[in-house]
Amino acid sequence: MWAWVAFILITLIFTVAAAWVSRRLLDGQVGWIRASITALVVFLACIPLATWAMRETDVLDLDDHVTVSGPIALAFLGLVLGWMFAIVVVVIVTLEFLWPSHRVTNPVTAIRDAFRRRDRARRYAQILAIASRHGLGAFQNRHGGDDELASALVAALNEAGVTFVKLGQVLSSREDVLPRDLVDALSTLQMDSTPIPWAEAEAAITAELGRPIDEVFASIDPQPLAAASVAQVHTARLRGDGDVPGDEVVVKIQRPRARAQVTTDLDILERLARTAEARTDWARDYGAVALAAEFSRALSDELDYRVEAANTEMLRGAIARSSSMTLAVPVLYDRWCTSRMIVQQRITGTPFSRIATDALDPADARRLADGVLESVFEQIAVRGVFHADLHPGNLILQDDGTVALIDFGAVGVSERSLRRMLIPLLLALSADDDVAATNVVLLMCAPETGTVDQVALQHDIGVILTRMQNAQVDENIFRALVDVLRRYRLSIPPSLLLVLRTLSSLEGTLRRLVPDYDMVGHALERAPHFARATFDPRNAALGAQAHLMLAGEELRRLPRRFENVTRSLEDGTFSVRLRSFEGAGERGWLEEQLNRFLVTVVGVALLATGISLTVSGDGPMLTGNVGAFPFLGSAVGLGGLLLIVRSLRRALRRRD
């Protein structure tokens, strides 16, 4: 009985000690449960092997009696236990490589993650089914031409829902990355969808109001005015004051399940981006993870209607200071606007998408197109705030002949530094000055890698300008310019891309009024006017004053800096500091690499030395079969093996 007690005690001591030392050796990356179970299993499995080794070395006889002195027996026992411990570490590292351990999570978090995995699996299955139905499967995409592929992709994105439609719309603005035919196809994506039943919409509106609908609205049309993948719009009338009827409004309510689906889709996109960036060079070059994160942030903002309300008020303020034709912006009823619902003035009239070609007098239509163009150009180039989704459905011709804007989910902001470059670019394009246009482009767009052939770039821009001077109306100089910048791998700022995309969308909208409208030509003619409008003497004076003050401060510090340099030269203490490995993080990484290299080298050296000593068989005999050198070699080899395993584990952890 006492033998079994001693055996159990030794087993527990070895298990706990081996688990603790293993975790210390592997920097605590292994859980206690895995380390303890592994140590216990290895110990029990190695007992017959350890007994055989002790017999072969003449430490034990066939009856398991000790045949050597106590110290030598303990030394051999320690060596056997050390190799058993080494086997424990090797097994743990192997398990970590095949099946990495994770921290035990909170049960609530684990359940939530399980539901998310279930939702992702369902959504993956839906997306794959949609892709297969539209011929985008791996076994089908070899058939048909580029036009068929683009059409199939658009159809699949439309069916996949709001997130993928939005993704396609974002990609349609990346003319610097995607082929033109694919960009044209993606720009046709639609957000129309089947409306949800009125009962669901009514419940959602009631929840956002926090009270019954009839306490706020005198009437509301159950039939939606429009329905999209994210929301639908109902016309309504607010309750009046006594005999005075309330205002006519529209209620934009978000679909109850839209946010959950978008959350799942964004999770999938971010995971795909991480996988692509880890496995492909092109994803790393374009920063797929950062792009996915930016898209996720932008789409999350679109789902928060408080952002749209703020955009509406910001654009209203910019238009109020405009000197061009005033574009109407609907009034918001802030009291009833929430993160999932917007209540705003109802704009009545005819969308540009429904205006017949002969519905307006040609002179009036051209005057209207010129007014809209100048107002939008002033928003972009002078005010820096503009409506970034000017498709024909978002411009309304009201009964009094004025134009109103709707849907402010996408509002662009062009920073002052961009506007300072945009006006010179327009002037250079208008003057057919390829040298100035090239210089402005190089100031706005940096090369993605290395340098750019400026002579060839200037030649290609000059060809565009010459062709534009002699081309028909259909020649779009902005698109041609983007094609050249993409060919020379120039990194176009996102805000500039948004401006160019907005102008391209506006051109198609204005041609609903005037089929042969030359938007680019008129915009270039008005470029000098916008250049004068951007000049503000007060702002120019303040800017000059700020720069002069900064320059003066720098000049005041120059004598002291010069004195410090000369004193260092005189004392022989002048030094140059390299920026490489300057930060603590970089130095820590370098130290970690050097330490790992040294540990590996020492481990290999010890293992090689141990093998040599073991094979030699020399030295005084410790037992009848084992000399001192083989015993020492086994101990040294054990240390080398543990060092190599430790280094290997660190390498595998970095790879994970």
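In strand β5, M341 is the bridge partner of I253. This pair belongs to a predicted model of a protein chain with 656 residues, of which 38% count as buried. The chain contains 23 helices and 12 strands. This briefing covers the strand pairings, the enclosed and open spaces, and two individual residues.

- Among contacts between residues at least 6 apart in sequence, 67% join residues at least 24 apart.
- The protein chain exposes about 36700 Å², and carbon and sulfur atoms supply 59% of that area.

**Strand pairing**

- Strand β4, residues 248-254, pairs with β5 in the antiparallel sense, and five bridges connect them.
- Strand β5 spans residues 341-345 and is mostly covered, since four of its five residues are buried.
- Elsewhere, three strands form an open sheet in the order β6-β8-β9, with antiparallel pairing.
- The edge strands of this sheet are β6 (350-351) and β9 (403-405), each of which pairs on one side only.
- Strand β8, residues 395-397, pairs with β6 over two bridges in the antiparallel sense.
- Within that pairing, L397 of β8 is the bridge partner of T350.
- In general, the strands of a sheet pair through backbone hydrogen bonds, in either a parallel or an antiparallel manner.

**The enclosed cavity**

- A search of the whole structure finds one cavity of 30 Å³ or more.
- The largest cavity holds about 60 Å³ of space.
- Helices α15, α17 (477-487) and α18 (494-510) are the elements that give two or more residues to the lining of the largest cavity.
- The residues that line the largest cavity are L425, V441, M444, C445, L481, L485, L496 and L500.
- This lining consists of eight nonpolar residues, with no polar and no charged ones.

**The second largest pocket**

- The second largest pocket has a volume of about 600 Å³.
- Its lining comprises 20 residues, and the closest to the pocket centre are I10, I47, A50, T51 and L77.
- The elements that give two or more residues to this lining are α1 (2-25), α2 (32-56) and α3 (70-98).
- Helix α3 gives the most to the lining of the second largest pocket, with six residues.
- By residue type, the lining of this pocket divides into 18 nonpolar, one polar and one charged.

**A buried residue: T438**

- T438 lies in helix α15, which covers residues 434-444; α15 is also among the elements that give two or more residues to the lining of the largest cavity.
- T438 counts as buried because its relative accessibility is 3%, and the cut-off for burial is under 20%.
- Leaving aside residues up to four places away in sequence, T438 touches Q454, L457, Q458 and I461.

**An exposed residue: A278**

- A278 lies in helix α9, which covers residues 258-279.
- The relative accessible area of A278 is 61%, so this residue is exposed; the cut-off for exposure is over 50%.
- A278 and A288 are 10 residues apart in sequence, and their C-alpha atoms are 9.8 Å apart in space.

Notes
Residues numbered from 1 in each chain as written. Predicted model: local features only at pLDDT ≥ 70, side-chain atom pairs only at ≥ 80, totals over all residues. Heavy atoms only, no water. Buried < 20%, exposed > 50% of the residue type's maximum accessible area, 1.4 Å probe, protein only. Contact = heavy atoms within 4.5 Å. Areas by Shrake-Rupley, 256 points an atom, 1.4 Å probe, with all protein chains shown as cover. Pairing = 2+ DSSP bridges. 1 Å grid on protein atoms, 1.4 Å probe; cavity = no way out; pocket = protein on both sides within 12 Å on 5 of 7 lines; lining within 4 Å. Points joined across faces, edges and corners; volume = space filled by probe spheres on them. Nonpolar A, V, L, I, M, F, W, Y, C, P; charged D, E, K, R; others polar.
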